[in-house]
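Dear colleague,

Please find below the structure that I promised to pass on, followed by my notes on its side-chain contacts.

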Amino acid sequence: MTSRGNQHMITERHGIRAEAAGWCTIDKIPDPPAEVLRTAGEPRLWPATMPPLGMLGTALAVPLLPFVTLLSLLDRLREWLFENNGDENRREREDEARLKILVDKQGLDRVFDGDWSGEAGQFLLRWYSHSSHHQRFVVATQDEVVLAAPPRRVSVGREKNMEIVARLPAGTAELVDPFHGEFRSQLLLLKFRDSSWIRLTTEEFRSELHMHAIGRARAGNWRQ
């Protein structure tokens, strides 16, 4: 189902008027200090394993992977030969190099800013307590950021089983494109009012969530 279809489902089921939405994941949560973990009540810090049905589907798909990979390589070769010229390829490589430098410089290769006492760190500790599913459907509205997911990890039917697992009112947290739209990336930040952040990876490059974040920043609705 498309993001638009999921937005309609969220609107119909929960009455949320979405401005943008999309599925996101986070990187592996690092091990917090023992005292932090104990104070938080020993929360779950990893997603559930894939259900048997999903494991079966993966096993059946494995023999097809070489064929799919070959098709992907051929498609990229076709684009390189017939659609892109040398200048475009060079610009893409330069953009990738610049993006990597910025990611390393800003510490955006981490799942969060590293401060477990910050709002982002505290929220991250509860991430999989909200739902053991490995993804979150992130919904941006005028007044809040909503996170939805199946209560437990599923291999199919994530939309059908989706429930709201967290709500962050405006002023508490906001979505931020750390590159201000300069790069076509999947990286997005869930940034809290104390400037702490969690790194999200969207399913799409320059997703509608990115465009929403860029639009709000340009309108002066959020400090980046």
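In which helix do D95 and R98 both lie, and how many residues apart are they? Both belong to helix 5 (residues 86-106), where they are 3 residues apart, about one turn of the helix; helices (H or I, at least four residues) and strands (E, at least two) are DSSP runs, numbered from the N terminus.

Before going further, please note that this is a predicted model, in which local features need pLDDT of at least 70 and side-chain atom pairs count only at pLDDT 80 or more, while totals for chains, interfaces and linings use all residues. Residues are numbered from 1 along each chain as its sequence is written, and side-chain values use heavy atoms, with hydrogens and water left out.

Salt bridges

A search of the whole structure gives 8 salt bridges, a salt bridge being a side-chain nitrogen of Lys or Arg within 4 Å of a carboxyl oxygen of Asp or Glu. One of them joins the side chains of D95 and R98, at 3.3 Å from N to O. D95 is partly exposed at a relative accessible area of 32%, and R98 is likewise partly exposed, at 39% (buried means under 20% relative accessible area, exposed over 50%, and partly exposed in between, with a 1.4 Å probe and protein chains only).

A salt bridge also connects E119 with R193, whose closest N and O atoms are 3.1 Å apart. This pair links distant parts of the chain, since E119 sits in helix 6 (residues 119-125) and R193 in the loop between strand 6 (187-192) and strand 7 (197-202), 74 residues apart. E119 counts as partly exposed at 24% relative accessibility, as does R193 at 47%.

In the salt bridge between R167 and E144, the closest N and O atoms are 2.8 Å apart. Here too the pair links distant parts of the chain, with R167 in strand 4 (residues 163-169) and E144 in strand 3 (residues 144-149), 23 residues apart. R167 is partly exposed, with a relative accessible area of 43%, whereas E144 counts as buried at 18%. Finally, salt bridges that share partners join D95, R98 and E182 into one network.

Nonpolar cores

The largest nonpolar core has 32 residues, and those with the most contacts inside it are W127, L175, L190, I198 and L200; such a core is a set of buried Ala, Val, Leu, Ile, Met, Phe, Trp, Tyr and Cys residues joined through side-chain atoms within 4.5 Å. Helix 6 gives the most to this core, with 4 residues. Leaving aside its neighbours within four places in sequence, L200 is in contact (heavy atoms within 4.5 Å) with residues including C24, I26, W127, V138, L175 and L190.

Aromatic pairs

The whole structure contains 5 aromatic pairs, for which the rings of Phe, Tyr and Trp (its six-membered ring) must have centres within 6.5 Å, with planes under 30 degrees apart counted as stacked, over 60 as edge-to-face and the rest as tilted. F123 and F192 form a tilted pair, 5.8 Å centre to centre with 50° between the planes, and this pair links helix 6 to strand 6 across 69 residues. F123 is buried at a relative accessible area of 4%, and F192 is buried at 3%. F179 and F183 form an edge-to-face pair, 5.7 Å centre to centre with 90° between the planes, and both residues are buried. Ring pairs also link F123, W127 and F192 into a cluster.

With best wishes
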